[in-house]
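Hi,

Here's the structure I promised to pass on.

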Amino acid sequence: MIDAGLYLGYGLIGLAILSAFVMPLIQILKSPSSLVKSGISVGILAVVFFISYSLSGSEITPSGTLMGITEGSSKLIGAGLIMFYITLVLAVIGVIYSEINKALK
């Protein structure tokens, strides 16, 4: 009985992955102008990543060396953290702006 549940779960995960790729493609074909908006969003995220990558350091602590962390992976981890902080601040500013703008209307 457990095997059947696992296979059903695997099938549902596969279906979810397939629909996660197919449904956006169907929407793009219906409305090509949305592709431009998506491209702009991805471009902005790429710029934010490159900014955060250039700001991140490549220092390695002794405990990091024991875990096998290299300078490159340290720089990528730092870039991911800085990118998270940047997007978090931008999201909070967006929420505050939205609430103030809604209150003034």
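Over the protein chain the average is 91, and 99% of the residues score at least 70. Helices here are DSSP runs (H or I, at least four residues), numbered from the N terminus.

Some housekeeping: this is a predicted model, so local features need pLDDT of at least 70 and side-chain atom pairs count only at pLDDT 80 or more, while totals for chains, interfaces and linings use all residues. Residues are numbered from 1 along each chain as its sequence is written, and side-chain values use heavy atoms, with hydrogens and water left out.

Now the packing. Helix H2 (residues 33-55) meets H4 at an angle of about 125°, and their axes are 8 Å apart. The axes are lines fitted to C-alpha atoms, for helices over the stretch in contact, and the angles run from 0 to 180 degrees between N-to-C directions. That angle makes H2 oblique to H4 (under 35 degrees is roughly parallel, over 145 roughly antiparallel, 65 to 115 roughly perpendicular, the rest oblique).

Who makes the contact (heavy atoms within 4.5 Å)? On the H2 side there are Leu45, Val48, Phe49, Ser52, Tyr53, Ser54 and Leu55, and on the H4 side Lys75, Leu76, Ala79, Ile82, Met83 and Ile86. By type, the residues of this contact split into 10 nonpolar, two polar and one charged (Ala, Val, Leu, Ile, Met, Phe, Trp, Tyr, Cys and Pro count as nonpolar, Asp, Glu, Lys and Arg as charged, and the others, Gly among them, as polar).

Tyr53 of helix H2 touches Lys75, Leu76 and Ala79, leaving aside its neighbours within four places in sequence. Its C-alpha is 6.9 Å from that of Lys75, 22 residues away along the chain. Tyr53 is partly exposed, at 31% relative accessible area (buried is under 20%, exposed over 50%, partly exposed in between, with a 1.4 Å probe and protein chains only).

Thr70 sits in the loop between H3 and H4 and is partly exposed at 45%.

Cheers

Note on methods: pLDDT = per-residue confidence, 0-100. Helix = DSSP H or I, 4+ residues; strand = E, 2+ residues; numbered from the N terminus. Contact = heavy atoms within 4.5 Å.
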